[in-house]
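Keep it brisk, and give the cut-offs behind each term.

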Amino acid sequence: MKEEQLPCFNHRQTINNKKARLVFRLLNSPAVYVVLLLLSYALGYLTAPISRSPPQPLSSPEILKVGDNLNTQLDNFRVKTRCAEPLPPQLVHQTILDRVFNSTSPYDNFPPAYVSGLLREKKLKGWGSYGEVFEHLIQKAKPKVIIEVGTFLGASALHMAELTRKLGLDSQILCIDDFRGWPGFRDRFGYVKMVNSDVMLLYQFLQNVIHKNATGSVLPMPFSSGSALEKLCEWGVFGDLIEIDAGHDFNSAWADINRAYQILRPGGIIFGHDYFTAADNRGVRRAVNLFAQMNGRKIQTDGQHWVIDSA
């Protein structure tokens, strides 16, 4: 009896083996994977919760659009901070001492012991710091307050201090600089020492001012140009003559010029260096030209400096 059932059993086993091979081939077919992927996507879509409101489009960003009015577009980049009423010039020196130096002079008890051996008696280094433009503009503006944006070691500021004394002017000169230099600047100016990552630019600047006997007229504001100019605006410290000679890229020059122009007294003059330099893709020149265009001002140059009168 068992021998008669054996062929039937073998036949069923053969059929089962064929079915298993067929299923294996199907599972290894790329088409099957595509079908399964589509089914899973459809199942997920059908079972997802239905939103009661359609998705809202994102608002378009404010960007410059071709054909728009240029002044309307660039109005977004103007500095619109409201400044305080201008302080009388004779109050500027004490205001900076009170606001920045806790009512004490940064020259008191200078230098501190830990830097005294690291400074030179005098080390003045600048770029275009002695051009005729300085004397010409000081004679024209007769400034009571001069603001310099970008000071380094103070060559330009101290030159202007000497010119104002020579002309019999009682001028206050505020020097805005973070006195940190720039990455790698000590490769060129190795004489500027460093202590625990603190470069001695500010200390050497103070030493230079003391050497030139200008402590009564020259004060540093050791901050970034943006923050310092904003505070001068807030405190009502305005300048009759403002020099811009800090960052030479377009964005830095553009910000400095616009912020400085806010605190320029009527009849004052704003000027700067490096108008013709190719550095930073001619950033200074592009910023000056655009500012003059937007504000309807004329630019004068002397081959190095640019000059713009106030309204």
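## Sheet, helices and spaces

Strand S5 (residues 218–221) points Val218 and Pro220 one way and Leu219 and Met221 the other, and all are buried. Buried means under 20% relative accessible area, exposed over 50%, and partly exposed in between (1.4 Å probe, protein chains only). Strands (E, at least two residues) and helices (H or I, at least four) are DSSP runs, numbered from the N terminus. This is a predicted model, in which local features need pLDDT of at least 70 and side-chain atom pairs count only at pLDDT 80 or more, while totals for chains, interfaces and linings use all residues. Residues are numbered from 1 along each chain as its sequence is written, and side-chain values use heavy atoms, with hydrogens and water left out.

**The sheet.** S5 belongs to an open sheet of 7 strands with mixed pairing, in the order S5-S2-S1-S6-S7-S9-S8. S5 and strand S8 (300–301) are the edge strands, each pairing on one side only. Two strands pair if DSSP finds at least two bridges between them. Strand S2 (residues 172–176) runs parallel to S5, joined by 4 bridges. Here isoleucine 176 has methionine 221 of S5 as its bridge partner. S1 and S2 also run parallel, with 5 bridges. Isoleucine 147 stands opposite leucine 174 in S2.

**Helices on the sheet.** Helix H4 (residues 92–101) lies across S1, S2 and S5, at about 35 degrees to S5. H9 lies across S1, strand S6 (239–244), strand S7 (264–272) and strand S9 (306–309), at about 155 degrees to S7. Contact means heavy atoms within 4.5 Å. Axes are lines fitted to C-alpha atoms, for helices over the stretch in contact, and angles run from 0 to 180 degrees between N-to-C directions.

Phenylalanine 110 and proline 111 are joined by a cis peptide bond, with omega about 0 degrees. Proline 111 is found in the loop between H4 and helix H5 (132–141). Two residues other than glycine have a positive phi: phenylalanine 179, at about 55 degrees, and serine 197, near 75 degrees. Phenylalanine 179 is in the loop between S2 and strand S3 (194–195) and is buried, with a relative accessible area of 3%. Serine 197 is in the loop between S3 and strand S4 (198–199) and is partly exposed, at 47%.

**Pocket and cavity.** On a 1 Å grid over the protein atoms alone, a cavity is a set of points where a 1.4 Å probe fits but cannot get out; a pocket is an open set with protein on both sides within 12 Å along at least five of seven lines; lining residues have an atom within 4 Å of a point. The structure holds 1 cavity of 30 Å³ or more. Ile244, Asp245, His273 and Trp306 are among the residues that line the largest cavity.

The largest pocket has 32 lining residues, and Gly150, Asp177, Trp182, Asp245 and Ala246 lie nearest its centre. Strand S1 (145–149), helix H6 (155–166) and helix H9 (250–262) are the elements that give two or more residues to this lining. H6 gives the most, with 3 residues.

| Space | Volume | Lining by class |
|---|---|---|
| Largest cavity | about 40 Å³ | 6 nonpolar, 3 polar, 1 charged residues |
| Largest pocket | about 630 Å³ | 11 nonpolar, 13 polar, 8 charged residues |

Grid points are joined across faces, edges and corners, and a volume is the space filled by probe spheres set on the points. Ala, Val, Leu, Ile, Met, Phe, Trp, Tyr, Cys and Pro count as nonpolar, Asp, Glu, Lys and Arg as charged, and the others, Gly among them, as polar.
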